[in-house]
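This report describes one protein chain for a reader who is new to structures. Look at the sequence and the model first, then read on.

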Amino acid sequence: MKKWTLPFLSIVLAAGLAACGDDNADTANEGEHGDMEAGEGVYPLEVDLELPESAAAGEEVTIRAKVTMNEEIVDDANEVEFEIEDGSGESEWIDGEFDGDEYYIIEKSFDEPGTYSVTSHVTAREQHTMPKKEITVE
């Protein structure tokens, strides 16, 4: 009888742990962030950074960022700043203004030819994202 005790207890213990795991699987999408399948909870902050691929030196271009969360426009971002960096590593920071519709916008002219990187630093609803694109100025 003793030789069956250890295997029997192992099976009972494994079954008990498996049952606990099943309960957790039902609530895997719930918790402090809500039920994602029911449309509740935390969604990622998404930023669509838009700027032309190229421009002429001295030409004013529009740089804009569409900020969304759960496919809805975020019009209350804590911060939307555009960092413009030239080839030497020098950078300029410009605050974006919400246009009242769906974009945070700046107007910028580039004095010198070269390749510039534009990074939008967006902080909203306890999240931060920094998409980056390049523009070539001729």
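Phe82 stands opposite Ile94 in β6. The model that shows this pair is predicted. Strand β5 covers residues 79-85 and strand β6 covers residues 91-95. The two strands run antiparallel, and five bridges join them.

Five residues lie between the strands of this hairpin. In the hairpin, Gly89 has a positive phi near 95 degrees.

## The chain as a whole

What does the secondary structure of the chain come to? Read from the N terminus, the order of the elements is α-β-β-β-β-β-β-β-β-β-β-β.

Contacts can also be sorted by separation in sequence. Among contacts between residues at least 6 apart in sequence, 57% join residues at least 24 apart.

## Surface and core

The chain has 138 residues, and 29% of them count as buried. Its accessible surface comes to about 9300 Å². Carbon and sulfur atoms account for 48% of that surface.

The largest nonpolar core holds 26 residues. Within this core, Ile63, Phe82, Ile84, Phe110 and Ile135 touch the most other members. Two or more core residues come from each of β1 (45-50), β3 (60-69), β5, β8 (104-109), β9 (114-124) and β11 (132-137). Strand β3 gives the largest share, five residues. In soluble globular proteins, nonpolar side chains tend to be buried together.

Note on methods
Residues are numbered from 1 along each chain as its sequence is written. This is a predicted model: local features need pLDDT of at least 70, side-chain atom pairs count only at pLDDT 80 or more; totals for chains, interfaces and linings use all residues. Side-chain values use heavy atoms; hydrogens and water are left out. Two strands pair if DSSP finds at least two bridges between them. Helices (H or I, at least four residues) and strands (E, at least two) are DSSP runs, numbered from the N terminus. Buried means under 20% relative accessible area, exposed over 50%, partly exposed in between (1.4 Å probe, protein chains only). Contact means heavy atoms within 4.5 Å. Accessible areas come from the Shrake-Rupley method with a 1.4 Å probe; for residues, only the protein chains shown count as cover. A nonpolar core is a set of buried Ala, Val, Leu, Ile, Met, Phe, Trp, Tyr and Cys residues joined through side-chain atoms within 4.5 Å.
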